[in-house]
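Thanks, everyone, for making the time this morning.

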Amino acid sequence: MSAKVQIKISQGQDAGKVFTFTEHDTFVFGRMDDCHACLPDDTQVSRHHFLLEVNPPQACLRDLGSLNGTYVNGKKFGAREKGESPEEGAG
C-alpha cells in the first residue's frame with residue numbers, strides 16, 4: 001500500500017471536498033483565485049494563508065504571514081505581529 005496524505009474540507013461551501021496527495025506536491029490555501037482551496041469571501045483567511053508541502057506520508061505546513069495564524073487540530077501555527085507585512089510575517 002502506497003502512502004498518501006489527504007485534506008478534507010469539513011465546513012463551508014466546499015465541505016466534503018477532498019484533496020489527495022500520493023507524491024510530492026504543494027498546496028496553497030487562501031482567498032485568491034490562484035489557491036488550490038479558495039475562500040474568497042472569508043475575512044478570517046489571508047490572500048495566501050498557508051502552504052502545505054506534501055511528500056507522503058509526511059507534510060509540512062507553513063503559515064504565509066497571516067494575521068490569524070493557521071490552526072491544525074486546535075494548535076496554532078504562525079501569525080504575524082500587528083504592523084508586520086505578510087512578507088515579514090512569513091519569514
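**Cysteines, sheet and pocket in a predicted model**

Let me begin with the disulfides, where the count comes to zero, a disulfide being a pair of cysteine sulfur atoms within 2.5 Å. Residues are numbered from 1 along each chain as its sequence is written, and side-chain values use heavy atoms, with hydrogens and water left out.

As to accessibility, I use buried for under 20% relative accessible area, exposed for over 50%, and partly exposed for what lies in between, with a 1.4 Å probe and protein chains only. On that scale cysteine 38 is buried at 18%, whereas cysteine 60 is partly exposed at 48%.

Now to the strands. Helices (H or I, at least four residues) and strands (E, at least two) are DSSP runs numbered from the N terminus, and two strands pair if DSSP finds at least two bridges between them. There is an open sheet of four strands in the order E4-E3-E5-E6, with mixed pairing. Its edge strands, each pairing on one side only, are E4, residues 37-38, and E6, residues 58-63.

Within that sheet, strand E3 (residues 25-30) and strand E5 (residues 50-55) are antiparallel and share five bridges, and phenylalanine 29 has phenylalanine 50 of E5 as its bridge partner. E5 also pairs with E6 in the antiparallel sense, here over six bridges, with leucine 51 standing opposite arginine 62 in E6. A hairpin of two residues joins E5 to E6.

Threonine 26 sits in strand E3 and is partly exposed, with a relative accessible area of 32%. Setting aside residues up to four places away in sequence, threonine 26 touches His36, Leu51, Leu52 and Glu53, where contact means heavy atoms within 4.5 Å. Threonine 26 and histidine 36 are ten residues apart along the chain, and their C-alpha atoms are separated by 9.2 Å.

Serine 46, in the loop between E4 and E5, is buried at 17% relative accessible area. Beyond its neighbours within four places in sequence, serine 46 is in contact with Gly30, Arg31, Ser66 and Leu67.

Which residues are closest to the centre of the largest pocket? A pocket here is an open set of points, on a 1 Å grid over the protein atoms alone, where a 1.4 Å probe fits, with protein on both sides within 12 Å along at least five of seven lines, and lining residues have an atom within 4 Å of a point. The largest pocket has a volume of about 850 Å³, and of its 27 lining residues, Phe29, Phe50, Thr70, Tyr71 and Val72 are the closest to the centre. Strand E1 (5-8), E3, E5, E6 and strand E7 (70-72) each give two or more residues to this lining, and E1 gives the most, with four.

Finally, the backbone. Most residues other than glycine have a negative phi, and most peptide bonds are trans. With that in mind, the peptide bond from proline 56 to proline 57 is cis, with omega near 10°, and proline 57 is in the loop between E5 and E6. Asparagine 73, in the loop between E7 and strand E8 (75-77), has a positive phi near 50° and is exposed at 82% relative accessibility. Alanine 79 also has a positive phi, near 110°; alanine 79 lies in the loop between E8 and helix H1 (86-90), and is partly exposed at 24% relative accessibility.

Conventions. This is a predicted model: local features need pLDDT of at least 70, side-chain atom pairs count only at pLDDT 80 or more; totals for chains, interfaces and linings use all residues. Grid points are joined across faces, edges and corners, and a volume is the space filled by probe spheres set on the points.
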